[in-house]
Amino acid sequence: MNAATTMTSILASAPMTPAVPANVQVTLALALILFAIGLVGFLTRRNMILMFLSTELMFQAAALAFVAFGRMWMDLSGQLMVIFILTVAAAEAALALGLVVLLYRRKETLSNEAWAELKE
Amino acid sequence: MTPDLFFVAAALGAVVLYLMMEPRPAPFRAALTVSGLAATALILTAVARKAPAPDELSDGAPFGVHVLLALVAVTGAARMVTHPRPVYAALYFILVILAVAVNFLLLQAEFMAFALLIVYAGAILITYLFVLMLAQQSGDRGNRGEESAWYDRTPREPIAALILAFVVLAATGDALFRREQSVPWLASPATTAQANIGAWDRMNDMPELVEKEAKAVALAMNLPDVVAVERGEGGRLVRPDASGTSAAVTVRRVGGELVVVNLPGAAAPANSVALGHALVAQFPVSLELAGVILLMALFGAVVLARRQMQMAEDERRAAAGMQRLGDDSFEHGGAA
């Protein structure tokens with residue numbers, strides 16, 4: 001297979017070839033690892049902005065899993081869910097960061113422990 | 001490969017991530033990077049090739065490229081959650097986004113790849129960087145002249161967090177990869193044919209595209225005088241064959257003669273066309289819902305911004321010895 005046909009087969013939509021199982025498996029494993037790292041980041045980081053950034057990493061992992069499963073089943077609904085994830089992530093970034101700036105103005109620190117009294 | 005390799009490699013990764021959380025001298029950092037990459041590669045080799053695939057099967061995305069992208073993404077993610085300086089963490093997240101976007105390309109999701117780059121790397125991450133820089137100006141520097149604030153250098157409960165993440169990774173990996181045939185990894189010919197026929201069926205809603213492609217095919221068949229596309233049996237413009245590799249279209253020539261041409265697979269709608277069609281024709285409610293979410297976020301952002309402006313105004317008034325804005329203080333303050 002030469003380079004030109006390789007490019008066509010990456011980008012063509014029909015006739016679609018089934019996904020190579022090993023490729024899908026590696027992508028799903030990557031999604032799992034990214035989700036676990038994002039979870040670690042959310043739990044260990046004390047900076048509120050970076051905690052939100054870690055949730056974005058978990059969003060990425062979910063999006064990757066959606067697209068990989070969609071490729072495996074040759075179904076577009078996985079990619080449509082990713083559009084939804086992008087929307088939610090954008091909305092979350094706008095609102096959460098606005099709140100973080102408000103909190104920062106109150107206490108002049110980004111540490112989440114400055115707001116420990118909220119949990120009571 | 002023994003199935004337990006997955007767990008061993010995941011545990012090794014957890015240990016490496018733990019050691020990365022404190023600042024280390026350069027040679028130790030290099031050793032950590034190497035062992036972290038090795039752990040990731042071990043996980044990938046432990047899960048890959050679980051299902052036998054026919055040798056000639058190729059979807060144009062080489063296995064090595066997938067592994068390389070995975071290593072880049074995991075490196076970026078690990079640095080992101082451990083870097084002591086927040087701005088660098090955000091920049092490492094952009095690296096993760098780039099790797100994931102290329103991965104989307106290899107998974108035949110071109111539209112999502114570029115949407116991810118534009119929305120995430122272009123908009124969301126810039127917002128994060130703005131807020132990080134806005135909130136970094138004062139107060140947070142350690143009194144011993146450190147580069148970053150104490151709360152960016154000291155992780156909270158790293159061991160408990162890593163154990164939890166390891167359990168999550170091990171449980172999901174076990175469910176997905178270790179059980180024999182838990183997932184039918186290779187799509188059956190029936191699924192493939194159904195997906196291809198579905199792709200052709202979308203084309204029935206796009207008569208202009210059908211006409212353009214049919215005219216191109218007719219021209220290649222030495223029929224330059226095609227004037228229109230006719231509906232065939234069942235009233236459908238495009239009639240895919242049983243395997244979905246090509247589709248028949250009836251065209252009318254100048255004299256009124258009807259000819260059937262076969263569209264090749266490359267004439268089917270590309271990913272972005274099919275995605276747009278599916279979004280509007282198949283899932284209109286989710287499109288509306290996304291619009292509502294964005295509208296609510298817009299309202300929320302406006303409310304928050306107004307409150308910020310009022311707080312700033314309050315601070316200035318307090319500095320000038322004037323009464324604060326807001327109903328409560330205005331009434332009582334005015335009475336006193």
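How close do the axes of helix α3 (residues 48–73) of chain A and helix α5 (residues 110–134) of chain B come, and at what angle do they cross? The legends below start with that pair. This is a predicted model, in which local features need pLDDT of at least 70, side-chain atom pairs count only at pLDDT 80 or more, and totals for chains, interfaces and linings use all residues. Residues are numbered from 1 along each chain as its sequence is written, chains are lettered from A and ligands numbered from 1 in the order in which they are written, and side-chain values use heavy atoms, with hydrogens and water left out.

**View 1. Helix α3 of chain A against helix α5 of chain B.** The two axes come within 11 Å and cross at roughly 170°. Axes here are lines fitted to C-alpha atoms, for helices over the stretch in contact, and angles run from 0 to 180 degrees between N-to-C directions. α3(A) and α5(B) are therefore roughly antiparallel (an angle over 145 degrees) to each other. From α3(A), A:Ile49, A:Phe52, A:Leu53, A:Glu56, A:Phe59 and A:Gln60 make the contact (heavy atoms within 4.5 Å). Their partners in α5(B) include B:Leu116, B:Tyr120, B:Ile124 and B:Leu125. By class, eleven of the contact residues are nonpolar, one is polar and one is charged.

**View 2. The salt bridge between A:Arg45 and B:Asp152.** Here the closest N and O atoms are 3.8 Å apart; a salt bridge is a side-chain nitrogen of Lys or Arg within 4 Å of a carboxyl oxygen of Asp or Glu. A:Arg45 sits in the loop between α2 (21–44) and α3 of chain A, while B:Asp152 belongs to helix α6 (residues 150–153) of chain B.

**View 3. The interface of chain A and chain B.** Chain A brings 88 residues to the contact and chain B brings 120. Between them the chains bury about 9,000 Å² (accessible area lost on being put together, 1.4 Å probe, summed over both), with 73% of it on carbon and sulfur atoms.

**View 4. Helices α1 and α7 within chain B.** Now look inside chain B, where α1 (residues 5–20) packs on α7 (residues 158–178) at an angle of about 155°, with axes 10 Å apart. That makes α1(B) roughly antiparallel to α7(B). Among the residues that meet are B:Phe6, B:Phe7 and B:Leu17 in α1(B), and B:Leu162, B:Phe166 and B:Leu169 in α7(B). This contact has 13 nonpolar, one polar and two charged residues.

Key:
Helices (H or I, at least four residues) and strands (E, at least two) are DSSP runs, numbered from the N terminus. Angles under 35 degrees count as roughly parallel, over 145 as roughly antiparallel, 65 to 115 as roughly perpendicular and the rest as oblique. Ala, Val, Leu, Ile, Met, Phe, Trp, Tyr, Cys and Pro count as nonpolar, Asp, Glu, Lys and Arg as charged, and the others, Gly among them, as polar. Buried area is the accessible area (1.4 Å probe) that two parts lose on being put together, summed over both.
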